[in-house]
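Try each task before you read on.

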Amino acid sequence: MAVSAVHLESDAFLVCMNHALSTEKEEVMGLCIGEVDTNRIVHIHSVIILRRSDKRKDRVEISPEQLSSAATEAEISFSYRLADMTGRPMRVVGWYHSHPHITVWPSHVDVRTQAMYQMMDQGFVGLIFSCFIEDKNTKTGRVLYTCFQSVQAQKGSEYERIEIPIHVVPHEAIGKVCLESAVELPRILCQEEQDTYRKIHSLTHLDPITKIHNGSVFTKNLCSQMSAVSGPLLQWLEDRLEQNRQSVIELQLDKERLTQELATM
Amino acid sequence: MADLNSSVRISGFVLGSLMFHHFNSDFNSDSDVEGLIPGESKAEARSNITDSQIDNIQFEHTISGSSAVHLNHHNYRGGEPNEVRHLLSNYKEENVIGWYKQQRYTDQQITFREQVIHENLKRAVSNQELMFLLLTPSEVTSSGSTHKLGVCSLQITFSQSCSVPVRVSNLGLLEQQDYWRPSASCSSVNYNRVSSLRTVSERKQEQKKSMTNFCCSIYQFLICYFILLLSVKHVLLTLSQSQETVLLCEAIKTLFPGAALLQTQALTFQGFPVPEFCCNTDHGIDITTTLPLILTHTVPKARKGRLGRGGGTSWRKRPLWESSDTPKRRKNMLEETEGSSLSVSGSETEDDLIPANQNRNNLDMSNRGQKCTTQIITLHKSVWSIGKSVTFPSQLLKTYI
């Protein structure tokens, strides 16, 4: 039976958006960690970024075996930390991926993939983040996100999507687990690049000119990652830290003022 | 012809944080979220001359927002100048390039209030190109399964606004290149030689390394060589000194065969020689060939006769009681043999040279008596001058001084 709704914590949403907005050339993918309550509401407390074995602009998917091992690893590394905070066991409850320059609605491949995951877990949900959509007439940009599951079509053997309501739950601060997930992005991008380069470099039929070129491409791509992802991430974190310090100072001043007012009353 | 292209660029982290603040705002009051955008603004002019167009100049004006400063809505009312100055107190005016607002369920158009705030901010930061970023979240489907966030950037001038494209900085803008998988097919013979370019380069590196090691080895060898050379010179010098000492010993034996005082290196407290320290070693040196001048300069006719009779003559000191008229006689004898080369300074005991066969038994130490140190030293110096290449051994000096 399909889930009734999805409640996505705002800091988990932040990680998903940061990941989806990291590149407009390929689709990205991750897993959602949380729990399902008795009302069939899926509560997503955190997400983890997955490493892609094949980067494409219009497709991203992992096999059930990869999903199973990633889920096991996620549950081991995250469930204990989240369980300590919430007091309840956590597990992988869904997946998300991005649609850069593509409509937010899931493709037939996405629907089929979702159906395959639901065979392992009926409460498994899928999120899609559509980014880099621009209306050239009004010169405005758009970011969309949706939540869905798959059901067997009434006619035929194909699957069709069903809409699942999604609500972003406010979370005053970015949780520690989500923050750790957010800063994993540069490392995962670097690992993806290293894996790609090692596969290329292991080819024996390449001439030295090609090898020299590929080495330069590897270096250039790493520098691009640092410029486009690592640098802005670091700057965002530093600015946030500074803002938090200012907020603390203001709150302390407010506290003193209120205390004085109380004393005069 | 000039084209003006303006754009606003923000990073995905900034946009995500704006949405995060929007979700964390007070839902009960449905209040909007506002804040400042620090960053930098830069303009670039590119002149592009092609065959089809001349003087095509493109102006690129990019406003880059590095972060978003969320404003506490309770402290911020309507953008009064004093209020704005207070808000800007924590930031440098030149760093503020715009401000943003998230308002729900509205179209993407600026209100009158926002225009007032914008004008106040422009005056406060002295930036006529101040940017206003408007974010409008809304629901796409009635079920609430799909949501949308509109992002629009406006530049407001004279109560009119125009949209500026907003670009989210990401990896895709940097044109990441692909790896080459197949090798470039080229049948050129010389190109295939280039295939060993890397091998040649590696070989050169190896050669350079081996040359460096070789140079280090040569340098170490040279250091050892010079050390060895110095050692050899020192040894040669020592040998020569010892050789000189040997020559001196032989010369003294030849000149003063009976003068044990001249051949010893030790004296008693009373000034008598210690025979145990006399050198009795036969060094195997032929004086006639090695030091011929000793024989020519120091052997008078009488001495030559003695030499002829007895082979090596030994000279001894004349005892004091025999030397009553020895100074004059000695002087005559010395003058005969050595001319003015000898310096005779006294007439004390040790200077009286008489043949050993006349008074060989006078080697008795008790007959020696006192002697003149200065005369002995002078005589030694004379001997050295005869030997020419010998140096005065310091040991003998120490003995007699």
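**Exercise 1.** Is A:Arg51 buried, partly exposed or exposed?

*Solution.* Start with the cut-offs: buried means under 20% relative accessible area, exposed means over 50%, and partly exposed is in between (1.4 Å probe, protein chains only). A:Arg51 has a relative accessible area of 43%, so it is partly exposed. Before going on, keep in mind that this is a predicted model, where local features need pLDDT of at least 70 and side-chain atom pairs count only at pLDDT 80 or more, while totals for chains, interfaces and linings use all residues. Residues are numbered from 1 along each chain as its sequence is written, chains are lettered from A and ligands numbered from 1 in the order in which they are written, and side-chain values use heavy atoms, with hydrogens and water left out.

**Exercise 2.** Find the salt-bridge partner of A:Arg51 and say where both residues sit.

*Solution.* A salt bridge needs a side-chain nitrogen of Lys or Arg within 4 Å of a carboxyl oxygen of Asp or Glu. The partner is A:Asp195, with 3.6 Å from N to O. A:Asp195 is in helix α5 of chain A, and A:Arg51 is in the loop between β3 (41–49) and α2 (64–86) of that chain. The pair links distant parts of the chain, 144 residues apart. A:Asp195 has a relative accessible area of 27%, so A:Asp195 is partly exposed.

**Exercise 3.** Describe the second largest pocket and what lines it.

*Solution.* On a 1 Å grid over the protein atoms alone, a pocket is an open set of points with protein on both sides within 12 Å along at least five of seven lines; a cavity is a set where a 1.4 Å probe fits but cannot get out; lining residues have an atom within 4 Å of a point. Grid points are joined across faces, edges and corners, and a volume is the space filled by probe spheres set on the points.

- Volume: the second largest pocket has about 1,200 Å³.
- Lining: there are 43 residues, and A:Arg51, A:Arg52, A:Ser53, A:Ile188 and A:Glu192 lie nearest the centre.
- Elements: β3, α2, α4 (176–182), α5 and α6 of chain A each supply at least two lining residues, with α5(A) giving the most, 9 residues.
- Classes: the lining has 11 nonpolar residues (Ala, Val, Leu, Ile, Met, Phe, Trp, Tyr, Cys and Pro), 19 charged (Asp, Glu, Lys and Arg) and 13 polar (the others, Gly among them).

**Exercise 4.** Why does the pair A:Tyr197 and A:Phe218 count as stacked?

*Solution.* Rings of Phe, Tyr and Trp (its six-membered ring) pair if their centres lie within 6.5 Å; planes under 30 degrees apart count as stacked, over 60 as edge-to-face and the rest as tilted. The whole structure has 13 aromatic pairs over all chains. For this one, the centres are 4.5 Å apart and the planes are at 10°, so the pair is stacked. A:Tyr197 lies in α5 (residues 185–201) and A:Phe218 in α6, both of chain A, so the pair ties together parts 21 residues apart in sequence. Both A:Tyr197 and A:Phe218 are buried.

**Exercise 5.** Which salt bridge joins A:Glu261 to another residue, and where does the pair lie?

*Solution.* The partner is A:Arg257, with the closest N and O atoms 3.4 Å apart. Both residues lie in helix α6 of chain A, 4 residues apart, about one turn of the helix. An α-helix has 3.6 residues a turn, so residues three or four places apart point the same way.
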